[in-house]
Amino acid sequence: MSTTARRICPFCEASCGLEIELQDGRIGRIKGDEADVFSAGFLCPKAIGLKDLHEDRDRLRTPLVKRDGVFTEATWDEAYAEIERRLLPIIERDGGNAVATVLGNPVSHKMSLMLYFPRLAKALGTRNMYSASSVDQIPKMLSVGLMYGGWLSVPVPDIERSRFMLIIGANPMVSNGSLWTVPDFRSKAKALRARGGKIVVVDPRRTETADIADAHHFIRPGADVFFLLGLVNALFDERLVRLGRLEGHVNGVDQLREAVRGYAPEAVAARCGIAASVTRELARTLAGTEHAAVYGRIGTCTQQYGTLASWLIDVVNVLTGHLDEEGGMMFPKAAAFAANTRGKPGAGRGIASGRYKSRVSGAAEVAGELPVTCLAEEIDTPGPGQVKALIAIAGNPVLSAPNGDRLAAALDQLEFMVSMDIYLNETSRHADVILPGVSPLEDAHYDVTFTQFSHRNHARYSPPVLAREGGAPDEWETLLRLTAIVKGRGAGADIGALDDELLREELEKTVGPLADSVMGMLAPRRGVERMLDLGLRGGAYGDQFGRAPGGLTLDKVRAAPSGIDLGPMTPRIPELLRTPSGKIELAPQMLLDDLARAAADLAAPAPGLVIIGRRQLRSNNSWMHNLPVLAKGAYRCTALVHPADAARLGLADGGQAEVRNGAKRIEVLVEVSEQMMPGVVSLPHGWGHNLPGTRMGVAAERPGVNLNALLDENLRDPLSGNAVLSGIPIEMAPLA
Ligand SMILES: Nc1nc2c(c(=O)[nH]1)N[C@H]1C(S)=C(S)[C@@H](COP(=O)(O)OP(=O)(O)OC[C@H]3O[C@@H](n4cnc5c(=O)[nH]c(N)nc54)[C@H](O)[C@@H]3O)O[C@H]1N2
Ligand SMILES: Nc1nc2c(c(=O)[nH]1)N[C@H]1C(S)=C(S)[C@@H](COP(=O)(O)OP(=O)(O)OC[C@H]3O[C@@H](n4cnc5c(=O)[nH]c(N)nc54)[C@H](O)[C@@H]3O)O[C@H]1N2
Ligand code: SF4
Ligand SMILES: [Mo]
């Protein structure tokens with residue numbers, strides 16, 4: 001018998017609605033759900049990989065416990081008992097701070113993990129929290145936090161109404177958008193151009209996005225801050241600043257004018273590689289186009305001036321009147337869990353960073369976490385406060401973070417490590433216990449994270465497509481079980497009762513005496529679905545538990561299998577602001593102070609050769625290389641080198657080369673390419689599946705090389721703690 005199920009794709013931020021054909025319980029064709037209110041039938045080749053992932057024999061289905069150095073299959077009860085036996089004494093002896101947690105990217109793609117990790121974190125009470133955010137978007141979180149008062153108050157391009165987009169350090173044609181949930185960017189970009197609009201890309205590589213744009217400008221890696229300072233300077237210099245509706249809602253315009261005085265486009269051109277005439281023309285176009293947006297993404301974050309660049313992008317949007325305006329950069333309003341809607345509208349406490357520092361390097365806490373690049377040293381440096389145990393959840397930092405060698409060695413020094421993962425891979429191989437997550441086709445889903453960055457507001461829910469195999473717990477249950485262990489309730493605790501208890505505690509904080517009646521109205525739902533119902537009903541479009549009849553409930557969202565459209569983004573300033581002043585802070589002191597670092601670097605000569613990363617359509621960070629449908633085809637882990645550099649260095653297309661950064665070295669396959677800016681080499685990250693002790697057969701056949709093995713874990717943007725992954729000076733030479 002053939003049936004059709006619907007599931008939001010969990011693979012990337014675009015969150016496309018998929019239609020999955022089932023034949024007698026087996027997965028058949030996967031296609032885009034044409035009726036999906038948000039993605040309208042779009043899908044990319046990765047979606048097909050869901051079938052391979054579900055059927056992958058290497059995907060873990062049973063817990064593994066390491067005994068005498070060898071992983072053996074265990075029951076869930078045995079695995080939990082082992083965790084209790086070994087983790088609890090460490091906490092009792094050294095306190096919660098001795099246990100670190102590290103979260104990876106798929107956490108944000110799984111409702112279960114997003115909604116239940118906070119409970120484990122609270123029970124642990126550790127300051128040693130790490131995640132992929134600090135090799136990704138934390139600079140943007142810090143800059144928007146300072147400007148608007150909320151860590152997740154990130155504006156996104158309103159592409160469907162835009163007439164001009166400047167895209168900096170992002171490649172949505174391949175990534176399908178990031179901190180910007182925008183399925184089918186290609187069609188939306190095409191439509192923008194068809195209505196007479198233009199797209200300009202600034203990137204050290206002529207990317208797939210540059211190929212469909214009207215213009216592309218090379219930029220020297222890591223020099224975005226100079227280009228953007230030049231742009232802001234030109235706006236003031238040419239009297240192009242128009243705050244429009246935001247007039248009266250902005251602090252710091254004069255300080256900003258002062259701060260950028262020394263950065264005329266002519267003064268920064270050599271440093272950033274973009275001609276002053278181009279910068280000035282862009283300033284005029286942005287100021288003179290009614291619906292325009294400047295969007296920057298990971299290329300502007302993973303660099304030494306990540307926070308400054310992230311900030312200046314929003315500064316340009318504010319100064320040209322494009323923030324919070326149709327067709328510009330707008331703030332989504334998610335139906336549930338909307339961090340940018342929490343609290344009293346209009347003003348708030350703002351954000352604070354640096355409330356504590358990492359023990360070894362003294363790196364500042366940002367948004368409740370420490371840089372993931374500090375994790376290894378916190379484990380391998382002895383002394384009071386040393387990390388002794390680790391809980392890793394859906395992360396593979398041995399490949400995804402710089403200098404995985406050091407981290408791998410550190411992980412082996414831990415007294416105890418638990419991984420919640422679906423593979424025995426480069427990171428989980430170090431664990432003492434691995435608790436497998438379920439296949440995405442076996443759990444319910446609601447986009448807790450990406451509805452907060454969506455170009456159009458919507459609510460969609462996917463029930464499980466298939467029943468869970470062999471009585472495996474859902475991941476929220478696993479997290480609750482770990483929470484029970486950490487709280488000393490025992491591995492065999494009644495987690496249903498714990499779930500009730502924790503929810504009641506939370507409700508008492510938020511709704512006080514109404515806690516009981518809210519619990520009653522959410523019954524008989526339990527677990528993650530109860531949390532979701534609570535989020536939706538209490539959210540911006542919710543039924544407010546009867547006070548707003550007709551509003552959203554989980555029942556209502558469930559009844560619309562292809563989702564409910566909640567319309568385009570609408571202006572939200574001043575309501576969105578949570579700064580103490582109730583204004584947009586255009587010139588936060590912390591950022592003005594950091595400009596001194598950039599100023600000292602303005603005259604720096606270009607290093608001979610630097611390396612940057614790239615993403616590829618059939619891959620996602622480190623973990624999709626075991627899916628045959630995605631792994632097949634030409635070898636992709638190539639180093640792109642400009643022909644002039646290749647000629648200068650004697651590198652041949654298709655030849656092997658050595659890449660060196662000090663003592664670190666890797667060997668790569670050279671692909672000579674006109675796409676590159678001269679002096680810049682590009683290599684994808686997430687490869688290097690040739691480490692011993694893993695169980696990913698397909699990935700190991702063509703392991704590729706690990707870009708991060710070349711990078712230095714001590715290079716960080718000092719404000720956000722984000723790793724510097726881009727623009728690292730290298731040397732390159734042919735290998736015989
Ligand atoms: N040089 C360089 N390095 C980079 C980047 C770069 O651009 N250049 N990009 C950075 C960015 S943006 C990111 S987000 C990070 C990603 O960093 P990570 O999140 O550490 O890396 P991933 O490869 O995404 O690893 C995801 C892990 O989750 C597991 N997993 C997948 N699905 C599930 C599930 O449903 N449940 C559970 N429990 N586990 C699951 C996978 O097996 C894998 O171990 O990498 C960063 N590293
Ligand atoms: N297919 C696929 N999709 C993905 C992922 C994946 O691995 N594969 N990963 C997902 C994740 S975790 C994330 S965070 C997003 C990221 O989404 P994007 O930011 O769109 O990702 P990238 O393709 O890495 O684009 C970054 C661009 O920055 C450029 N760049 C590098 N250094 C600099 C610099 O110093 N300045 C400027 N201006 N540009 C620079 C690079 O050449 C690259 O084109 O993608 C997500 N989507
Ligand atoms: S674009 Fe992203 S969400 Fe959409 S089908 Fe591809 S991987 Fe899935
Ligand atoms: Mo990411």
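**Exercise 1.** Which residue has a backbone N or O atom that lies 2.7 Å from a nitrogen atom of ligand 1?

*Solution.* The model is a predicted one, in which local features need pLDDT of at least 70, side-chain atom pairs count only at pLDDT 80 or more, and totals for chains, interfaces and linings use all residues. Side-chain values use heavy atoms, without hydrogens and water, while residues are numbered from 1 along each chain, and chains are lettered from A and ligands numbered from 1, in the order in which they are written.

The residue is S400, through a backbone N or O atom. A polar backbone atom of M420 lies 3.1 Å from a nitrogen atom of ligand 1, and an N or O atom in the side chain of N425 lies 2.7 Å from an oxygen atom of the ligand.

**Exercise 2.** Describe the residues around ligand 3 by class.

*Solution.* The residues that surround ligand 3, with a heavy atom within 4 Å of it, include C9, F11, C12 and N176. By class, this shell has 9 nonpolar, 2 polar and 1 charged residues, where Ala, Val, Leu, Ile, Met, Phe, Trp, Tyr, Cys and Pro count as nonpolar, Asp, Glu, Lys and Arg as charged, and the others, Gly among them, as polar.

**Exercise 3.** Describe how domain 1 and domain 2 meet.

*Solution.* An automatic or database domain assignment gives domain 1 (158–331 + 581–599) and domain 2 (607–734). Their C-alpha centres lie 28 Å apart, and 22 residues of domain 1 are in contact with 24 residues of domain 2, contact being heavy atoms within 4.5 Å.

Terms used
A polar contact is a pair of N or O atoms within 3.5 Å; within protein, one must be able to donate a hydrogen and the other to accept it, and residues adjacent in sequence count only if both atoms are side-chain atoms.
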